[in-house]
Amino acid sequence: MRIILHIWRQRNAGEKGRMVRYELPNVSEHMSFLEMLDVLNEELTMKGEEPVAFDHDCREGICGMCGAMVNGIAHGPLPGTTLCQLHMRHFKDGDELYLEPWRARAFPVVKDLVVDRSAFDRIIAAGGFISVATGSAPDGNAIPVQKESAENSMDAAACIGCGACVAMCPNASASLFLGAKIAHLGLLPQGQPERESRAVAMVAQANRELFGSCTNIGECEAVCPKDIKLEVIARMNRDFIRAKCGVG
Amino acid sequence: MELDSKSPAGPIETRWERQRFNLKLVNPANKRKYTIIVVGTGLAGGSAAASLGELGYNVNCFCFQDSPRRAHSIAAQGGINAAKNYHNDGDSVYRLFYDTVKGGDFRARESNVYRLAEISLNIIDQCVAQGVPFAREYSGYLDNRSFGGAQVSRTFYARGQTGQQLLLGAYQALERQIGAGQVTMFPRTEMLDLIVVEGRARGIVTRNLLTGAIESHIADAVVLATGGYANVYYLSTNAQGCNATAIWRAYKRGALFANPCFTQIHPTCIPVSGEYQSKLTLMSESLRNDGRVWVPLKKGDKRLAAQIPENERDYFLERKYPSFGNLVPRDVASRNAKQVCDEGRGVGESGLAVYLDFRDAIARLGKNVIKERYGNLFDMYERITGEDPYQTPMRIFPASHYTMGGLWVDYNLMSTIPGMYVIGEANFSDHGANRLGASALMQGLGDGYFVLPNTIGDYLASTKFEKVDTGHAAVREAEAQVAAITARLLGAKGTRSVDACYRELGKVMWEYCGMARNAAGLKQALAKIPELRERFWRDVKVLGSGEELNQALERAGRAADFFELAELMCLDALNRNESCGGHFREEYQTPEGEAARDDEHYSYAAAWEFRGAGNAPVVHKEPLTFEYVHPSQRSYK
Ligand SMILES: Cc1cc2nc3c(=O)[nH]c(=O)nc-3n(C[C@H](O)[C@H](O)[C@H](O)COP(=O)(O)OP(=O)(O)OC[C@H]3O[C@@H](n4cnc5c(N)ncnc54)[C@H](O)[C@@H]3O)c2cc1C
Ligand code: FES
């Protein structure tokens, strides 16, 4: 099938970018979205034009490296799916697709579709962990964990840190990302001692990184490739308020 | 060269304890005076960098992704082994040790494997305490499953995302040390050379992938945790970025490369669908618990699966291996799939696939049970192929998956270059000629959390370090080498893309040094690879400059190293005139067509030494002795 792509091209953070139109006459429906970009890049290279830069690694929907806005939707139209796992059979002959990088003040564009997401790492460094030095742990079965808590914790822990939530949010808020980590650790007995300090430290860092605030719009949940639920944001707020006011 | 494994003698149960006691210690107040470089942030590198930071060392840590959390370890699905015996089903440290030595087809060092089994216990404790949400039973205790044909339930798991959860645990521990200022992280930074000063590893040369800046980093010790080289086949289950550059360039600086031909082909992957294919996706091995593998009896039978009557199907694994059936080990399953396809009985458009059929399991257990067990895998399959495996059988084919070979290390995980350690998949240490399922995660974390932090101090405490700065002649020389390679790639200005050249190399390796090898084929490959390599350097076209984010340049550099490593793999495969584990030489098989080892002549690790470009590498042998697990012929009939 024939696919028309309009792709954001930007040489580097300093220069202005623009949309460029490309036509791909022979896209196989079995290709993944990124394989289509590979084909485009091969063609551009042969023509002597610089290939499109885009981040990717696992191509299995787990590393969180890939991502772009496809017609205004983070990771494209298929729910619960990263861009690398989106296959071309979900599109039809003649479709016109607009590809842009994540847009958020905290995620500056590096080149073309590549952005800088290091703010996420700094948020984890601020408190997204359980402080246990290597070798100091008790036996794995010393503290039983309710099956339900473990399951809910795992649901939140599935976050791949791709940044789609931020990109889709009109406020560019990182609340779904923060909430996912706070819920993952806070739902386990091992995460209790640092539960409040963790929420405070992570939220403070997110503010320093210039992510926006959450106004409960829910676009993040709608595009999250791992189906992280809005509830984690409520949990984050509860832990934060409890820390600040001693209630909640 | 005498290869001294430094592995202690005496009773195997106390070797690690005695070794730790005999190693020198660095005084806690002095630790901050040492700088250690850790390259890689997967399970091995992430856990090592975090643990070294906790101990008080200054750590500089590197990865090529934009965040340490994205290392390839994130993709592991199935689980991690530990001999906890929580299920009272007869497991023990000794049994895990025994299974691993036997599973590796008697080509691993007993001392290392025993230690791995021993520390498997601590790994689980550590990960639970970090908040890894392992699967639980209703009682709240940890759940286990049996994996990869093991007869005990010793595999711990977090849904189908065990690697992700273990890596996030290590990543968070690492970020804690970054926040505390103990570790400095360099993401999007690729190691391109090792700096060796007076025979010792003293640093690395890197390229900043965003700015292109070539920089040198000096340290007292260097740890490589850069993963495996399965991408030498172009198509594999590994992430796109996985590469051999760090270990290859260290090899060229004097580190020996052991058993490069020991690679693992995983039997259950989604088959190739076209030329544009960029990677292969693994479907968990657990599917073979309920799926039945078959092909049509007749050659070239193009009917749909449902139209092929029962008596015209060949359930070849069940037929040939009545007692293990569909659950034979990975290498046996893979080889048999290749064989039926070679006979012209493969299915699908390409004829390079076999069926994995759940029809009978669904009839027996009901669709709901199958959905509960494999729902996410079935969804993934459908997402990629567009076919519904509840209705039509899955099509699967083997794919390159894991590399047992890697840089040679002693019992302390130090390479033949003093001061350079190698951990995780990048070394050759624990899996011999074949790795068991759920054992790579165990080894990565074992090396990083528990072995390396204990052994590296001995080297630091017993070495006098001279001051080296970035003006040193050795540093300048390494930087110049790196700059020359970049300039050459950008200057070739040929007519073919990197992938066009690299794909050809992959095909040759898959054909001649893949699932089955023979001397004639390997000799052909050894003639072809240098030709392809020359063509690559002449014809490759890399646009853009070296002073910016240039993904084609990154890929070209990695491919260039694969063109060299491929040759060493074939040499090693040709040298090893026996079949063992994943290395199947067609000339050496039992009358039943199984791998025939030659313990008399090949019970050694083959460690290759680089002797300069254009010269043949030299093989050194570390003899392997088996005091506890006595070599026997594997049989799955
Ligand atoms: C699909 C899949 C499923 C698997 N499932 C399982 C399983 O269920 N159980 C199991 O035990 N094993 C499994 N394995 C194997 C296991 O995941 C790997 O062997 C293991 O994770 C390797 O870990 P590592 O830390 O050694 O390397 P990696 O995780 O590969 O990390 C390598 C690191 O090195 C960095 N790096 C590499 N080169 C450079 C360079 N030149 N400069 C700077 N940085 C560099 C990378 O950025 C990365 O951080 C699976 C493998 C695959 C492919
Ligand atoms: S490339 Fe890893 S999630 Fe898409």
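## Chain B as a whole

The model is predicted. Chain B holds 16 helices and 19 strands. Its radius of gyration is 24 Å, close to the 26 Å from the globule rule for 637 residues, so chain B is as compact as a globular protein of that length. Along the principal axes, the C-alpha atoms occupy a box of roughly 75 × 60 × 50 Å.

Burial accounts for 65% of the 637 residues in chain B.

## Geometry of the H6–H15 pair

Two packed helices are described by the angle between their axes and the distance between those axes. Helix H6 of chain B spans residues 245-252. Helix H15 of chain B spans residues 551-575. The two pack at an angle of about 60°, and their axes lie 9 Å apart. Angles from 65 to 115 degrees would count as roughly perpendicular and those under 35 as roughly parallel, so H6(B) is oblique to H15(B). The crossing of H6(B) past H15(B) is left-handed.

## Residues at the contact

H6(B) contributes Thr245(B), Trp248(B), Arg249(B), Tyr251(B) and Lys252(B). From H15(B) come Gly557(B), Arg558(B), Asp561(B), Glu564(B), Leu565(B) and Leu568(B).

How do the residues of this contact divide into nonpolar, polar and charged? There are 4 nonpolar, 2 polar and 5 charged.

Technical notes. Residues are numbered from 1 along each chain as its sequence is written. Chains are lettered from A and ligands numbered from 1 in the order in which they are written. This is a predicted model: local features need pLDDT of at least 70, side-chain atom pairs count only at pLDDT 80 or more; totals for chains, interfaces and linings use all residues. Side-chain values use heavy atoms; hydrogens and water are left out. Axes are lines fitted to C-alpha atoms, for helices over the stretch in contact, and angles run from 0 to 180 degrees between N-to-C directions. Helices (H or I, at least four residues) and strands (E, at least two) are DSSP runs, numbered from the N terminus. Angles under 35 degrees count as roughly parallel, over 145 as roughly antiparallel, 65 to 115 as roughly perpendicular and the rest as oblique. A crossing is left-handed if the near helix is turned anticlockwise from the far one by less than a right angle, and right-handed if clockwise. Contact means heavy atoms within 4.5 Å. Ala, Val, Leu, Ile, Met, Phe, Trp, Tyr, Cys and Pro count as nonpolar, Asp, Glu, Lys and Arg as charged, and the others, Gly among them, as polar. The radius of gyration is taken over C-alpha atoms; the globule rule is 2.2 Å times the number of residues to the power 0.38. Buried means under 20% relative accessible area, exposed over 50%, partly exposed in between (1.4 Å probe, protein chains only).
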